[in-house]
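User: I have a structure open here and would like to go through a few of its parts with you. Can we take them one at a time?

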Amino acid sequence: MIKTVKTAPYQDQKPGTSGLRKKVPVFSQENYAENFIQSIFDSLEGFQGKTLVIGGDGRYYNREVIQKAIKMAAAAGFGKVMVGQGGILSTPAASNIIRKYKAFGGIVLSASHNPGGPTEDFGIKYNIGNGGPAPEKITDAIFARTKVIDAYRIADVPDLNLDQLGSFDVAGMTVEVIDPVADYAELMEQLFDFGAIRTLLAGGVRIAIDSMGAVTGPYAKEIFEKRLGAPEGSVRNFTPLPDFGGHHPDPNLVHAKDLYDDVMSADGPDFGAASDGDGDRNMIVGKGMFVTPSDSLAIIAANATVAPGYSKGIAGIARSMPTSAAADRVAEKLGIGMYETPTGWKFFGNLLDAGKATVCGEESFGTGSDHVREKDGLWAVLFWLNIMAARKESVAEIVTKHWAEYGRNYYSRHDYEEVDTEAANALVAALREKLASLPGQSFGALKVAAADDFAYHDPVDGSVSKNQGVRVLFEGGSRVVFRLSGTGTSGATIRVYVERYEPDPAKHGIETQAALADLIAVANEISELKTRTGRDKPTVIT
Ligand code: VG1
Ligand code: CO
């Protein structure tokens, strides 16, 4: 019943910031998905008889690859597969299932915030037994294997019905089709004060949750409408669709603009939130106030003890390097550890496992904690509602008071998408060459204090990750950071991150782009961005 299939390797299966992501036509080449899945199994040891969790965000090609993965897991010798009904598991829910049921690991099928559909993106990611993305040591081994693989093994059995809950036998392995929502909703009830949030909503605070046609729909319906009593209709775009209904499921001011406009309108909801394709990102908006993800991390950390799951306080905060330093000020005040990691959630795993950090965040609309080992979109939304319920304040009040206490870190990211790859690489190479000469140079009123290419020394396992982004730090705490995206699937994406610290509350009401204009100009000058890319403005500003 198990057959061995001869295959030829592909040379382009290098996992990026978060797994392997490619266009569907690339992924559907002969044996492409099979090669990668077999390479994952070939890079692991000791899983015989153990449990593998499989789930995805429901995007185009999800069901096909899940069938392959189940049959290959059976052939590889796993004892059991737990798969979400319909092939659905949000990324944080998959992380929770791995941890809760002590699985060996999991395969998450998603290209996250990238669009879905027959000509759009697909992805595969492996998560280890702590529930988090595989560390570089494993993804490097997987990539090495993909380059030489010559055969894979698969059970020669019919497809399983993924829509029916229950236990089934697939070539001697048990497959349990599970409710994708129940365990996750239960976890959220343990962490947050659902009674207080229910009272807040019953008291007239109106919320709008936009699932963007992606995976969080069923989770949000269950949690906000059913368990927390928000009126029906509070969750929008709640049916996970293979093409996300044509949405680009990236919760930011560009792709979730409808929601933003709705919250900002006079008679619109008081609070809005959106999540991405696989449910690990979040955007938070209140009436008159968009919350930057960097501020969101700082504010959640500063107010963490209002939530029952964090009532004893937090051990430390971790943020990715390009994320603003707003959280650093909170850590300083609380007298707890602060960790700066490279971009990508896989770097938080060790800090969380070691109990050094409790909450983590990235500027790219990602926040989370040690409750799972992925960022978690709905968790962040619930945290905000819990804080609002406890403080009896609006989002705008909470944010402006936070700035008054800690100062404001003006922050923006400019993305230049689908830039010619050679031009993008040359831009970064030229920046690296300039690093040594930048300190001491002045650009208008801005004087460079330091410049480097960020390297991370993991304090837990001692591993070193180099070349994680070029930083130019100015006197007074302002900075610009440049790095290339590791999640795109066509051309290169240059990300420019800009930050300025403003302690004076009288100057906290400036429009963000205006507040950062001088730094943006300097970033363009230092990187020669316009001449090197031929672009005169970013594709996306967040
Ligand atoms: C982007 C973000 C990064 C995030 C990653 C995965 O990576 O910048 O912060 O962890 O996406 O998020 P990059 O390499 O393109 O900058 V998700 O929601 O796509 O899993
Ligand atoms: Co995501």
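User: Is helix H4 mostly covered or mostly open?
Analyst: This is a predicted model, and in it helix H4, which spans residues 91–100, is mostly covered, with 9 of its 10 residues buried.

User: Which residues of H4 are buried?
Analyst: The buried residues in H4 are Thr91, Pro92, Ala93, Ala94, Ser95, Asn96, Ile97, Ile98 and Arg99.

User: And what about phi at Lys102?
Analyst: Lys102, which follows H4, has a positive phi, near 50°.

User: Switching to the sheet, what is the strand order?
Analyst: The sheet is open and is formed by 7 strands in the order S2-S6-S5-S3-S4-S9-S8, with mixed pairing. Strand S2 (20–23) and strand S8 (166–170) stand at the edges, and because each has a single partner strand, one side of each is left without a neighbour in the sheet. From one strand to the next, the twist averages 20°.

User: How do S8 and S9 pair, parallel or antiparallel?
Analyst: S8 pairs with strand S9 (residues 173–178) in the antiparallel sense, over 5 bridges. As for individual positions, Asp169 stands opposite Thr174 in S9.

User: Now ligand 1: which residues come nearest?
Analyst: There are 18 residues around ligand 1, and of these Thr17, Ser112, Ser485, Gly486 and Thr487 come nearest.

User: How many of the shell residues are polar, and how many are charged?
Analyst: Sorted by class, the shell around ligand 1 holds 12 polar and 5 charged residues, together with 1 nonpolar residue.

Definitions and conventions. Residues are numbered from 1 along each chain as its sequence is written. Chains are lettered from A and ligands numbered from 1 in the order in which they are written. This is a predicted model: local features need pLDDT of at least 70, side-chain atom pairs count only at pLDDT 80 or more; totals for chains, interfaces and linings use all residues. A residue is buried if 20 or more other C-beta atoms lie within 10 Å of its own, exposed if 12 or fewer, and partly exposed in between; C-beta atoms are placed from the backbone. Helices (H or I, at least four residues) and strands (E, at least two) are DSSP runs, numbered from the N terminus. Two strands pair if DSSP finds at least two bridges between them. Axes are lines fitted to C-alpha atoms, for helices over the stretch in contact, and angles run from 0 to 180 degrees between N-to-C directions. A residue is near a molecule or strand if its C-beta atom, placed from the backbone, lies within 6 Å of it. Ala, Val, Leu, Ile, Met, Phe, Trp, Tyr, Cys and Pro count as nonpolar, Asp, Glu, Lys and Arg as charged, and the others, Gly among them, as polar.
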